[in-house]
Structure formats: structure tokens, C-alpha cells
Amino acid sequence: MTSFTIDDFTYRRIAGADGVHLNVAVGGEGPAVVLLHGFPQTHYMWRHVARLLAQQYTVIVPDLRGYGDSDKPAAQDVNTYSKRTMGNDIITVVRELGFDSFGLVGHDRGALVAVRAGLDHPESIAFLGILDVLPTLDTWSVLQGVNAKVAWHLYLMAQPAGMPEKMIAAVAHEFYSSFLDAWDPLGIRSRLPSGTTTSRHRSRPRTRSWPTTERPRESTSTWTLPTASEASSCPCR
């Protein structure tokens, strides 16, 4: 288990879909609110928000499957780490905790899981909060030319199983540092105490952002992404 835990929260391992166990932090009392992290984070990213919300709500903060201290099953097919499967994890976990209805807030990858859960289980989602993400089809549509440079790792992880894993494992530190440093314009990582290993602050997921190499459908969205220089200066990626 990682040493990074949210103060005053209790921890449980709860089975989600297909018996995959999630590491879940729970705190507070009242109506339930679930917070889902993004890539390459874990539940710990919510530590400050979670403690504030726990003053009025039962706050449930899991590590998604493939991240942090949750199970990391080998991918059998595209469904193992699909957003639908991960959404079913959350529904199953929250019901196990005794709640039939809850608020759901997601950031980045967790936001896409939250959207899928809301579409599949509207009767269970009292409200939905989506942070720092675009619809997947629109993202694929606008990631072209220099704009695609900021998401090169997504293209790598979308390649057939085996190749990305071998390439990332060979230079794991350089792989994660390449975009973690770009998303850290304030230089927080460089100011950590000497000898601190920043890998403890992040998850090294064994999942893929988009487990397919199929050509996405055409999008009519008018969304545009920032230029590479603009995106690299944003700490919210």
C-alpha cells in the first residue's frame, strides 16, 4: 500500500465489476459524493477537496482499476479497461457502501468514466460534475499537426497491446517525466526535497486511454485545443 492517504478517511478494498478490487477512501457523513481522479493520478489528488466535502457529505474516493492500489488485471480485450467497465466498478462499489444514489465528479480520465456511468446508470447519479476533459471523439478530431504533440503519449498507448508496454517499461522515468514536467510550469517537482522520488506521488497505470486503433467517427464539433506552447503551460492537464 502507498503511504499517501487522506487524513481522517478510512480505507477499504471493495470488489467492483468482475471481482476487480478497488482501493477506496471513505470519509464524512450524509449524502454520497464520489470523486474520480485522472491520468496519471490516484485518489490522493482529491485530498484537500475531499476533506472539505466530508463536512457535509459521505465522500467516496477510489483509485480506478489499473491505478494506485487498486487491482490491475491483465487486459483480456478492449472491455477490461473500457470506460463502461470502469463506470460499472464505481456503481458496484458505491452500492456495496449502501448508497443507491450519489453525486459523481470526475477529472480527466475519471471524467470520461463518470460520463459513461451517468449514461449507463442515470437512476443512480444524482448530479454529475465533469472537469478538464473534452469528449473523446472531439479530442481525436482536433489533435492534428502541432496540437497533437501535447498528446503524443496517448497515440503511443493506443497502439496494439505489447509494444507500448515494452517501450514505456524501458524508459519509464523519462516517459512520465516528459509530460509531468510539461504540466508543472511552476516547477513544483523540481523543488521537492533532495532524494524525493516523485513516482510515489503519481500512479503508473497499466491501462490505455483509448484501447483501440480504429479510426474515430467524424466530428462536427467546433472545439479547438490550445497550441503546444499554451497547453504545456497549463497545470490542469
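Tutor: Two strands count as paired if DSSP finds at least two bridges between them. The model under discussion is predicted.

Student: What makes strand 3 and strand 4 a pair?

Tutor: Three bridges link strand 3 and strand 4, in the parallel sense, and the definition asks for at least two, so the two strands count as paired. Within strand 4, I60 is the bridge partner of V34.

Student: What makes strand 2 a partner of strand 4, and in which sense do they pair?

Tutor: Four bridges join strand 2 to strand 4 (residues 58-62), in the antiparallel sense. I60 of strand 4 is the bridge partner of V26.

Student: How do you know that strand 1 pairs with strand 2?

Tutor: Strand 1 (residues 10-15) and strand 2 share six bridges and pair in the antiparallel sense. R12 stands opposite V24 of strand 2. Five residues lie between the strands of this hairpin, where D18 takes a positive phi near 60°.

Student: Why are strand 1 and strand 6 called edge strands?

Tutor: The six strands form an open sheet in the order 1-2-4-3-5-6, with mixed pairing. Strand 1 and strand 6 (125-131) each pair on one side only. On average, neighbouring strands of the sheet are turned by 25° against each other, direction ignored.

Student: What packs on this sheet?

Tutor: Helix 2 does, touching strand 1, strand 2, strand 3, strand 4, strand 5 and strand 6. The direction of helix 2 makes about 120° with that of strand 1.

Student: Why are helix 2 and helix 3 called roughly perpendicular?

Tutor: The axes of helix 2 (residues 83-96) and helix 3 (residues 109-120) cross at roughly 75° and come within 8 Å. Angles of 65 to 115 degrees count as roughly perpendicular, and the two helices are therefore described in that way. Helix 2 contributes K83, R84, M86, G87 and I90 to the contact, and helix 3 contributes R109, L112, V113, R116, A117 and D120. By class, the contact has five nonpolar, one polar and five charged residues.

Student: Why is L22 called buried?

Tutor: The cut-off for buried is under 20% relative accessible area. L22 has 0% relative accessibility, so L22 counts as buried. This residue is found in strand 2. Leaving aside neighbours within four places in sequence, the contacts of L22 include I14, P62, R65, I90 and V93. The C-alpha atoms of L22 and R65 are separated by 6.3 Å, although the residues are 43 apart along the chain.

Student: What makes strand 2 largely enclosed?

Tutor: Six of the seven residues of strand 2 (residues 21-27) are buried, so the rest of the structure largely encloses the strand.

Student: Which residues have the most contacts inside the largest nonpolar core?

Tutor: They are V24, V34, L36, I90, F102 and L104, in a core of 37 residues. Among the elements that give two or more residues to this core are strand 2, strand 5 (102-107) and helix 7 (172-180). Helix 2 supplies the largest share, five residues. Not counting residues up to four places away in sequence, L104 touches V34, L36 and I90, among others including A114 and F127. A second, separate core has eleven residues, including I6, F9, W46 and A50.

Student: Which residues of helix 7 are buried, and what covers them?

Tutor: The buried residues are A172, F175, Y176, S177, F179 and L180. Their cover includes helix 5 and helix 6 (163-170).

Note on methods: Residues are numbered from 1 along each chain as its sequence is written. This is a predicted model: local features need pLDDT of at least 70, side-chain atom pairs count only at pLDDT 80 or more; totals for chains, interfaces and linings use all residues. Side-chain values use heavy atoms; hydrogens and water are left out. Axes are lines fitted to C-alpha atoms, for helices over the stretch in contact, and angles run from 0 to 180 degrees between N-to-C directions. Angles under 35 degrees count as roughly parallel, over 145 as roughly antiparallel, 65 to 115 as roughly perpendicular and the rest as oblique. Contact means heavy atoms within 4.5 Å. Ala, Val, Leu, Ile, Met, Phe, Trp, Tyr, Cys and Pro count as nonpolar, Asp, Glu, Lys and Arg as charged, and the others, Gly among them, as polar. Buried means under 20% relative accessible area, exposed over 50%, partly exposed in between (1.4 Å probe, protein chains only). A nonpolar core is a set of buried Ala, Val, Leu, Ile, Met, Phe, Trp, Tyr and Cys residues joined through side-chain atoms within 4.5 Å.
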